[in-house]
Amino acid sequence: MTYHEMHPGVFLRRPNRFIAHIEIDGKEEICHVKNTGRCRELLTPGAKVYCEKAASPLRKTQYDLIAVEKGSRLVNMDSQAPNRAAGEWLAAGGLGEITNLRPETPFGDSRIDFSFQKDGKPCLLEVKGVTLEEDGVCSFPDAPTLRGAKHLKELAQAVSAGYRAYVLFVIQMGDVAYLRPHWERDPAFSQALVEAQAAGVEILAYDCHVTPSTMEIRNPVDVKLEKIS
């Protein structure tokens with residue numbers, strides 16, 4: 001997936017979830033933040049960021065905050081990017097040969113990110129974007145998510161109904177060690193993930209090749225579900 005007309009900048013502050021003040025070309029700009037998560041470990045004053053210029057000059061904010069440098073890593077923090085990248089990855093054969101790929105498929109009381117057919121069997125796949133990393137270890141979620149736990153339970157129900165079901169964690173950076181559920185921050189989601197795997201839901205994690213203007217799913221990453229005491 002590709003962005004257009006990218007501009008480097010320096011993060012100044014984030015007064016609320018939706019906007020950030022960024023210095024771009026020597027001028028302080030109010031930018032839309034395409035991620036309502038906390039992202040406190042990413043958005044630190046002075047951090048180098050990359051913003052996409054809005055296509056419409058009539059928009060209230062003229063830039064979208066897309067990526068941020070964290071040490072030696074470039075992290076894409078656009079919450080819409082994982083689904084876009086996952087759609088491209090699936091269509092290109094990331095899970096092997098599939099047919100009837102569709103986004104936003106109703107199941108139970110939810111809309112699951114993708115449905116498709118594989119080896120003659122109906123499949124559902126839910127995507128989770130990951131931006132929280134410390135010393136190469138990625139954790140999900142960065143804030144409690146009742147919706148995420150609900151999706152896992154419905155995927156487990158889908159397995160019982162004859163589907164093949166997946167959770168795909170798209171790690172929005174490269175060169176990480178492994179992914180773990182964030183037991184300390186969201187024990188309910190973490191336990192639901194363990195139970196989903198026991199029910200037959202396939203847990204996948206992949207890192208991404210990230211540049212200021214692109215993000216592409218790349219290599220599989222180990223998933224460690226156990227709680228560390």
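**View 1. The exposed glycine G71.** G71 is exposed, with a relative accessible area of 74%; exposed means over 50% relative accessible area, buried under 20% and partly exposed in between, for a 1.4 Å probe and protein chains only. This residue lies in the loop between β5 (63-70) and β6 (73-76). Strands (E, at least two residues) and helices (H or I, at least four residues) are DSSP runs, numbered from the N terminus. From G71 to R147 the separation is 76 residues in sequence and 31 Å in space, C-alpha to C-alpha. The model is predicted: local features need pLDDT of at least 70 and side-chain atom pairs count only at pLDDT 80 or more, whereas totals for chains, interfaces and linings use all residues. Residues are numbered from 1 along each chain as its sequence is written, and side-chain values use heavy atoms, with hydrogens and water left out.

**View 2. The sheet of six strands.** An open sheet with mixed pairing is formed by six strands in the order β7-β8-β9-β12-β14-β15; two strands pair if DSSP finds at least two bridges between them. At the edges stand β7 (99-107) and β15 (214-220), each with a single partner strand, so one side of each has no neighbour in the sheet. On average, neighbouring strands of this sheet are turned by 35° against each other, direction ignored. Five bridges pair β8 (residues 110-118) with β9 (residues 121-130) in the antiparallel sense. K118 stands opposite K121 in β9.

**View 3. The sheet of four strands.** Four strands, in the order β10-β11-β13-β16, form an open sheet of mixed pairing. Its edges are β10 (132-134) and β16 (222-223); each has a single partner strand, so one side of each is left without a neighbour in the sheet. Strands β11 (residues 137-140) and β13 (residues 178-181) run parallel and are joined by four bridges. The bridge partner of S139 in β13 is R180.

**View 4. The packing of α2 against α3.** Helix α2 (residues 146-160) packs with helix α3 (residues 187-198) at an angle of about 15°, their axes 9 Å apart. Axes are lines fitted to C-alpha atoms, for helices over the stretch in contact, and angles between N-to-C directions run from 0 to 180 degrees. The two helices, α2 and α3, are therefore roughly parallel to each other, a term for angles under 35 degrees. The contact (heavy atoms within 4.5 Å) involves G148, A149 and L152 of α2 and F189, A192, L193 and A196 of α3.

Conventions:
Parallel < 35°, antiparallel > 145°, perpendicular 65-115°, else oblique.
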